[in-house]
Amino acid sequence: MSVALIMGSDSDLERLGGCIDTLKQLEIPCDVRVLSAHRTPDDLAAYVREVERDTAVFICAAGGAAHLAGVVAAHTLRPVLGIPMDNPPLGGLDALLATVQMPGGVPVGALGTGAGGPKNAALLAARILAVTDEHLRARLERYRDEQAEAVRAKDARVRKKLGGD
Ligand code: RP5
């Protein structure tokens, strides 16, 4: 099973590096596409239908009037994670509200806007896949340990700099 990462525009790609890199690091196969809920609605629906069987989680990133995740969730029963892109002029608040305020009955798991959202979308998708994949679970445990080690190293550096023990 793999992950499908859909973005509303190629202008979103650069800021999704954290998502793509984290999926790669965890060795999760990912199909990356640019499809728009507004500009290519038929292509979007056809794509979701085409890949649904082999896709465990859909990650949808869009800015502005971000309907992408909601529309995908309307076309599939797979879990859908929405990343609100932090675009001007409203800085992502528009996309955040559009992503998080789904009507009851059509769930979208909304991530944060800003750099944490893309990375956490990948990690949340990994946790969903790890329910039935013990090898992936082990990679997630390693990821968590490495993250803790990195914080400990920062702590040591700060204490040294400030003359602590
Ligand atoms: C959204 O509108 C896209 O996801 C993107 O974040 C934003 C702007 O798209 P472009 O005008 O750059 O294509 O649909």
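## Ligand site and fold of a predicted model

The ligand is surrounded by Gly8, Ser9, Ser11, Asp12, Arg39, Ala62, Gly63 and Asn87, where a residue counts as near if one of its heavy atoms lies within 4 Å of the molecule. This is a predicted model, in which local features need pLDDT of at least 70 and side-chain atom pairs count only at pLDDT 80 or more, while totals for chains, interfaces and linings use all residues. Residues are numbered from 1 along each chain as its sequence is written, and side-chain values use heavy atoms, with hydrogens and water left out.

By class, this shell holds one nonpolar, five polar and two charged residues. Here Ala, Val, Leu, Ile, Met, Phe, Trp, Tyr, Cys and Pro count as nonpolar, Asp, Glu, Lys and Arg as charged, and the others, Gly among them, as polar.

| Side chain | Ligand atom | Distance |
|---|---|---|
| Ser9 | oxygen | 2.6 Å |
| Asp12 | oxygen | 2.6 Å |
| Asn87 | oxygen | 2.8 Å |

Taken alone, the ligand exposes 360 Å², and the protein buries 68% of that; such areas come from the Shrake-Rupley method with a 1.4 Å probe.

The space taken by the ligand is the largest pocket. A pocket is an open set of points, on a 1 Å grid over the protein atoms alone, where a 1.4 Å probe fits, with protein on both sides within 12 Å along at least five of seven lines. A molecule sits in a pocket if more than half of its atoms lie within 2 Å of the grid points.

The protein has six helices and five strands, and from the N terminus on they run β-α-β-α-β-α-β-α-β-α-α. Helices (H or I, at least four residues) and strands (E, at least two) are DSSP runs. The C-alpha atoms fill a box of roughly 60 × 40 × 30 Å along the principal axes. Of the 165 residues, 39% are buried, meaning under 20% relative accessible area, whereas exposed means over 50%.

Most residues other than glycine have a negative phi, and most peptide bonds are trans. The bond from Pro88 to Pro89 is cis, with omega near 5°, and Pro89 is found in the loop between β4 (80–84) and α4 (93–100). Glu27 has a positive phi, near 60°, and lies in the loop between α1 (17–25) and β2 (30–34). Glu27 is exposed, with a relative accessible area of 54%.

Key. Polar contact = N/O pair within 3.5 Å; in protein donor to acceptor, adjacent residues only side chain to side chain. 1 Å grid on protein atoms, 1.4 Å probe; cavity = no way out; pocket = protein on both sides within 12 Å on 5 of 7 lines; lining within 4 Å. Buried < 20%, exposed > 50% of the residue type's maximum accessible area, 1.4 Å probe, protein only.
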